[in-house]
Structures are given as C-alpha cells and as structure tokens.
Amino acid sequence: MAGEILEYAVRGVPIGCVFALMAVGLVLTYKTSGVFNLAFAAQAYTSAVVFYEVRKEHEWPLLPAALLAVVVVAPLIGVILDRFLYRYQRTAGSLAKLITSLGLLVAIPEIVRLIFGSGSKKNPPALWWVKRTDDFLWPQGSRFVLDAGQIATLAFTAIAVTGLAIMFSRGGIGLRMRAVVESPRLVQLQGIDASRVSLASWMLSSLLAGLAGVLIAPLFAQLNSLDFFTLLVAAIAACVIGSLTNIVATFIGGIGLGILQAELAGFLPTDSILATGLRPGLPFLVLFGLLLFRRSARTSHEVTDPLSGVDPPPPPPAASLRPSWMTMGTRVFAVTVAVLGLVLALFVLDEFWLSVVTSGVVLAVVLLSIVLTTGVGGTISLSQAAFAAIGAFTTAQLTTNFNLSVLVAMVAGALVAAAVGAVLSLPIIRLAGIYPALATLAFALMFENVLAPLSWVSGGATPLTVPRPLVGPIDFAGNRAFLLLSVGILAVLSVAVIMIRQGTTGRFLDAIRESEPAASAVGINPIRPRLVAFVAGAGVAGFGGGLVASFNGQANYAANFTFYLGLVWLVLVITAGFRSVQAAIISGIFFYVLPQLLDRLFRWPGNYLTSNPEVSGVTKSVLDFIEPEWSLGVAFILFGFGALTYAKHPEGIIEAQTTKSIRKVLGWIDKARGKGPTPASEQLVTQVGGGR
Amino acid sequence: MSDVSAPAEARLPTEAPAADADGRGVPVLRFDDVHAAYGPFQALFGVSFEVHRAEALALIGPNGAGKTTVARVASGLLAPSSGRVEVDGQDFSDRPAQAFALAGIAHGPEGRSVFATLNVEENLVLAFRRQFGRAGLRSALDRAYELFPALSQRRRQNAGSLSGGEQRMLTLARVLVLEPKLLIADELSLGLAPIITTEIYKVLERILEAGTALLVVEQHVDHALGIAHRVVVLERGKVALSGQPSREEILASVFGQSQDASMFGDREAAP
C-alpha cells in the first residue's frame, strides 16, 4: 500500500512539474504586468506544435528543434504580445487585460492551425534524444521507472527553477519586475526603463509557457489546443494555492496537484462514478474549492499605481456627449434600420441566409446575458455558455419527457439556469479582482467535462430534440415566423436590460464599479445588485439557450454551447462594447453572418473560374491564387484588429467609434456655422470638462 | 531679483540668458512656455521658470493650480503638449521619465509613492543597484539608514505598512542617496505630523547645503518660505507671481486677501 502510494506519487511528479512551470509563468506575468494571461495555454500549444513540426515532420536534431520551439518562438510570442497589445494596457484595469488574454486564447490556436495546417499531429515527441518516449527508460527494471518524457520534464524543470532562483535573488531583474507591476512610472523615476523590464518578463514567462507546452505534449495522443485549456485549469489552481503572488507556494502547489491526480488515477476504481466524474473534474474541483475557502480571494490584491493620476481620465460615455436631438435622431435611425433589416430578411433573403440571420438574432439573446452580467453587473463570467446549455437541456428534457409546451419549457429552462446561477453566485460574487473570472472558468470547464456528458443532464451522446414553438393557432415552425418570434423576444429582453441598467440596480452597480468602499459608505450593499445582475444574466442565458435549441431542433452541446464558443462570444461582446445592448445584437448577427460572407467572397474566384473556363492569362492566375481557406485567415486578421482597437479603447469599439463620430458631426456643425464656439461644441467642452 | 514679476502673460521666455548674465550658468531645470494636459483636461497654460544649482525654488498655489502637474512635467512623467523643458540646457521635452532620472532630476511624488509590496530594503536596493552596482550597494544603504534612522528598524517590513511619515522618509531616502542635481519634493507636509515635517525639512536644508537644487511644491506657504530662495506662485495653470515676494503679497495673490496660510480650503477640484 505504502509502496503504491509512493509509486503513484513518483508518477505524478513529472506532470506536476508541468503544472508548476505553467503556473509559475502565470504568476510571473501576473506579478510583472498585471495580466492573468490565460493565453498561456495557447502559447504552450504553439510551442508544442512548432516542436512537433520541426522535430517529427522535418526530423531536426533535438537541440535546434528545442531551441527554435522554446527559446526562439515562445519568447518571440511574448515580445509580440507585449509590444503590440499589452504595452497599451499597462495602466488598464484587470478586466480589460483578462479579456485581451481570452481573445488571444481563442485566436492563437487558429493562427497556428492556419500556418501549420489543421491535420492531426499524432504522438508528439519528447524533449529528449529519442524517437518515442519509451525508447529510453530509467532506472531500468525498477518500479519507479520513468520514460524519456518524464525524465526530460524533471531535468528541464530543475534547470528552469535554478535559473529563476538566480534571477530573482536579491536586487536583480526580479526585483525590478515586481516593482514595475506596482507602478511603471515610479520605476522610471528611479532611472529604470520600465518598458524593457516588462518586455523581459513577458519573454521569460512566455518561455516557461513554451517549455511547459513542449514537455506536456507527449502525454497527449495527439496535439489539440483544447487539451491545453484543461492543463491551464490545473495551473490556475496552483496559482491560487500561491495566492497569485507566492512563486514558491505556486510551484509546490503545482507538483502537489500532479501527485494528487496520479494517486486518484491509481486508487479510484475505474468503473465508478468517482472515476468518470471526479478524476477529470479534479483540477476544477480543487480550483473551485480553493476559491471558496481561501480568504485571500475575497480581498482585492490589486495595488493601484500611486501615479495613476498621470493618465488621462477615461472618456465619458458616448451617450453623454450627444445633444438630445442627436440622441433622438440616432434612435429613430436605429429603429428604422432594424425594421428595414427585418423586412429585408423576411421578404428578400433566401432560406439559407434567413436561417443565418435568425441564428444571429437567437444568439444575440444569449449575448444579452453577457451585457447584463459583465457590462451592467461588472462580474466577468466565463460560464454564460454553460448557463445557456443548462437552459437548452432543461427545455429539451421537459419537452421530451413531460411533453411540455416549448415556450413554457424555455421559461422553465431560464428559471433552472437562474437557480444554478444563484447557487454559484453566492460564493462567486464575494470574490474580488479576477477571481470571479477564474471561478466561472472552473465551473464552465467542469460543466463541459463532467456534467454535460451525463445522460440526466444532456440526454447522453445523442442530443435531445426540441420542437419549434406552437402557440394556439400560430406555428413558429417556419424560419420566417421563428425570426419574428426571436426578434420580439430580443426586443423585450433588450428593453428589460436597458431598464435594469438605468434603474436603481444599474445606478448602484455604476457606483460599485467606480469604488466599492465609497458605495458601501453611502449605504449601498455591494453584494445584492451584483447578485441580481448575475442571476438575471444566468436566466437570460438559459432562456436564450432554450431558444437556440428550439431553433436548431436539438439541444446540441458540442455544436452550440461549448466553453470555447462561450469564450468567443464573451470576447466579441466585450470588444464591441459590453455595456450596450446594441453590442450584443451586432455581435450576435456578425458571429454568423460575417464568416458566411467571407466564405462566399473567397469561394467566388474558384466558382467563377469553374463556370467560365474561357478565362485565361493574368486574370486566371490572380483568381487561381486566391484560396477559399483564406476567409478564416481574414476573419482572424479582423479579430486581431479588434483586439488591438480594444487594447487602446477598453470601453469597446462601438463606443469608441460612436464617440469619434459624435465629435466629428459636432465639428462639422461648428464648421458649417462658420465661427467660434457654437452651442454644439460648447456643450462638448463642458461635458469633457477641459479648457483647451 | 527682488522684483515682484508681472503676471504670466506679460512674461517673456527670455529670462534664461538674463540669468546667465548673472553668472549663474545654465539652469538645472528650465520651463519655457510649457503647456500640459491630461487627455482633454488642460492643466498648464504657458508656465515658464527655472531652477539653478544649489537654489531652492518653492512652487506655491491653491488646490488645482497645477503644482503637481509642474512637478510631473519636470520629472518627465507627463510630456508637455507644447513648450520646452530643459535639463542642463538640453531639450528634454519628449524624453521618458527614466532619462530625467538619469540626468539627475529626482522626484518624490506626492502621496504614497513607495513600492508598497516591496519591503523597505528592496525599495532602496531597487533605487541604488543601478547606480552603485553590487559593490557600492551596502554603503549606499548605510547612508540611507543614517539619513533616516527610523527606517533601519523596519528593513524587512513591507513599505505599504509603514506610517505616512516613514513612507515619505523612504521616498526621500531613495532619491537622496543618489545625490541628484535637483530634487522635486511634492507636498512634503501633506498629512504629516508637524514634528515629522520639521524633521524632513531639516534634511532638505542639509542636502541644499550640499549643493542639490530644490523644487519644493507646497500648499503650506510658511514651510515653503522657510527654505526657498525664490518662489513661483501658480494660479489656474499660470504663473501669477514669481521672484521674492513677501508673504503678504503671496497670500494676497492667492486669495485676494491676507489670511492664514494653513486655512486653505478647496477652491477647485484637481483634475
């Protein structure tokens, strides 16, 4: 027995080392740049793919392959991230930084697939002088035998730890890195170039992420970016063990998690619910439990920069810049466009495009929940897709098993999602800083990996069917009728969200977001309004989920509600401008329409050539050159621009553009009127408050 | 230099050569018609002044006058939107803050300006390591503790948990040991017990005698007048008075009437 415990423990140490490396990288960037870089999973994946390509496909020798993947590519990604994104966010809030990292977590694997192809990458090589991991075993014949991958992990972890220890010993670059997090400006006053220090820390932590990625790769049968998400959760749990600051505790925590996982794998009977449920869920459970019981997670550790006053104040909301006639005009214009769009959709579009647009409108209902929870409530939730799934599953179960009317079942789904949200929110709402995001991430991934596959939740491997609603004589089975129904629901819920935002709860939430202590001091309970927003958000997501299921005819988790999709939605809505309802609507429609449009666009040259074989010469070669696969690339380039704009305008792209166009229009008015400050521009100046 | 100067609009940016004519050489710091803004908020509207070697200049003015903004521009934290900032006669208008620090301009910003999550010794090491290297570090630390003995008892304590006075001392120790050419001391007396303020001002006098120029930003007129050779009175982002006006003239300029300097109320909110 004791021997077995030891044996499993030894097996757990190497994987624990990988958790630990990743976690140390996370803590390092969090401490030195204030970014909790969830994109580390994607960076680890990138290095693993590069190593796979050069080592296995091109059969490079070990040393150059490892140098390229870990020492060149990984830090280079760090440099790119720092120079092009995080540099602009050095003084931004933790929400903005987290969202940027989520965007990267989604985008980087896509870019990697674009570069290296999406073919499967089976049996990743170990970071050792062997072809297969079990070509080298040591100590031979012992019960504690390790394979090449494990030995490599232990060796390189030891090297990395020694390097870090030297670097962080008294007075070196480590001290500067810690100082830069707190106040880059104060560091500059000491004559130290803060941006270089920050760059160095990004390179270092990215190197650790790359190393972790290459080391863990041999454990997977093939390279898949989603597997690296789960790795990330274990690393996050280790970070929480170290309170996001203590590197030594983080490291030990990572190794401990690896050992715990190995012990569970060894001792739990393989056929019980414990094995199927607990084992894959362990990192999430540990993370969730830690967040609930660690007191440090309740108090914000964010140290504000004493010199933050040097930054220009955040821009005022675009709506406050607008004279009332312009607000009226905008509203009339928006309603006109919406009605025209609807008429166009109903009477002009063919069935295919009609269903694309309807998908967008239906998704917009789910995205409204992000506006409510994150935009209005101020809680970063990564589990809105899970709530939508809960709504969809409830709707499906109720209509299938109890023959309930679909609309009633949707409402029941919303209620169940809200109830789950309420239970979750009790602990989550009390967490401070980025912890709510981590807790909802843990919940969402646990839902995906443990709960969603269970038959009493989702109905098992085959998705349950959900019919279209039938209300009295009105049948919503047709796409046109369903589009009308969805638009109606979207309109009602949008108005509800706006009312919450502008009502008492919304005002309280505004106050809490500005300063929680100040809000408490004037008698606002900081918990309750956030709770309301979170629970209502879960409910809206649940209702939207039911609608999605009804539209698609089935509650299909893999197709409509995965954690990954949830990330994409969150990033979309937040970059668009997460405080406003129109951001949800625009993101929802764009999410479905834009890829189709791009697809058509890049398919067109090929189709044109096929139907017009007489085309030749330069025209033909140009058209031939364009590949349909480029549409994905273009989509991600757009995504990248979005991220860049967001880094500079954390209030959201729509908001930033609105502000810009309002200023422009008011400027034109001034010019047209000819001279001096006119009422229009004067209003602008007093709103902005400056005397320029 | 005993004249009470005209308001800022009438001042010409040609004072530097005149000062050269006085035989005092190139000023350590010179502002020439400096405008500065925080985004859309403009805080300085054409400020000009200079500080010479071993001279103490006090910057006086009510809340929101732009004193702290002057200090920030003078240390490179905020780039001027127009105008010229010179350090030792060289144009530093768009240099980063670390260039100012390396050129010998030390800034102790107002309020809490220590690295709260680092301990006292780490705060000091961070400051000294670059200039003195590993070899000279020990003696630099000893000098800092000698300057402020209270700090030596708290070497391993997180700077964020120090008292307000101790944090100010740490700020000063961090910059003083580097022997800057110019020390910008922003609101030293703010929120501190009188006895600590007195102690800190004693240290300022010592370093002034040692040849460091001082730019003292103060709301407390009497403290400022106690140490300064010259004053610049700021009002609403412009120089209202400069030179060596009397206490009454300063108070009259700032308030429109004579009254106790410690009775300052908020005239307008700072940006």
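**Notes on a two-chain predicted model**

1. Let me start with chain B, whose secondary structure comes to nine helices and ten strands. Please keep in mind throughout that this is a predicted model. Of the 271 residues in chain B, 45% are buried. Among the contacts in chain B with a separation of 6 or more, 68% are between residues 24 or more positions apart.

2. Chain B has an open sheet that is worth a look in your viewer: four strands in the order 2-1-4-5, with antiparallel pairing. Which strands stand at the edges? They are strand 2 (41-51) and strand 5 (90-91) of chain B; each has a single partner strand, so one side of each is left without a neighbour in the sheet.

3. At the strand 5 end of that order, strand 4 (residues 82-87) of chain B runs antiparallel to strand 5 of chain B, and two bridges join them.

4. Two backbone angles in chain B deserve a glance. A54(B) is not a glycine, yet has a positive phi of about 60°. The loop between strand 2 and strand 3 (56-60) of chain B is where A54(B) is found.

5. Look for E179(B) in the loop between helix 6 (164-176) and strand 7 (182-186) of chain B. E179(B) has 15 C-beta neighbours inside 10 Å and therefore counts as partly exposed.

6. Turning to chain A, the division is into domain 1 (2-124 + 143-297), domain 2 (368-579) and domain 3 (617-688). Where domain 1 of chain A touches domain 3 of chain A, 13 residues of domain 1 are in contact with eleven residues of domain 3. On the domain 1 side, helix 4 (residues 94-116) of chain A supplies the largest share, seven residues. By residue class, that side of domain 1 divides into eight nonpolar, four polar and one charged.

7. Helix 19 (residues 479-502) and helix 22 (residues 528-552) of chain A pack at an angle of about 175°, with their axes 12 Å apart. An angle over 145 degrees counts as roughly antiparallel, and helix 19 and helix 22 of chain A are therefore described that way.

8. What do these two helices bring to their contact? From helix 19 of chain A come F482(A), S486(A), I489(A), L493(A) and I500(A), which meet A536(A), V540(A), L547(A) and F551(A) in helix 22 of chain A. The residues of this contact between helix 19 and helix 22 of chain A divide into eight nonpolar, one polar and no charged.

9. Finally, have a look at V665(A), which lies in helix 28 (residues 653-673) of chain A. V665(A) has 15 C-beta neighbours inside 10 Å, so it counts as partly exposed. The C-alpha atoms of V665(A) and M326(A) are separated by 9.7 Å, although the two are 339 residues apart along the chain.

How values were computed: Residues are numbered from 1 along each chain as its sequence is written. Chains are lettered from A and ligands numbered from 1 in the order in which they are written. This is a predicted model: local features need pLDDT of at least 70, side-chain atom pairs count only at pLDDT 80 or more; totals for chains, interfaces and linings use all residues. Two strands pair if DSSP finds at least two bridges between them. Domain bounds come from an automatic or database domain assignment. Two residues are in contact if their C-beta atoms, placed from the backbone, lie within 7 Å. Ala, Val, Leu, Ile, Met, Phe, Trp, Tyr, Cys and Pro count as nonpolar, Asp, Glu, Lys and Arg as charged, and the others, Gly among them, as polar. A residue is buried if 20 or more other C-beta atoms lie within 10 Å of its own, exposed if 12 or fewer, and partly exposed in between; C-beta atoms are placed from the backbone. Axes are lines fitted to C-alpha atoms, for helices over the stretch in contact, and angles run from 0 to 180 degrees between N-to-C directions. Angles under 35 degrees count as roughly parallel, over 145 as roughly antiparallel, 65 to 115 as roughly perpendicular and the rest as oblique.
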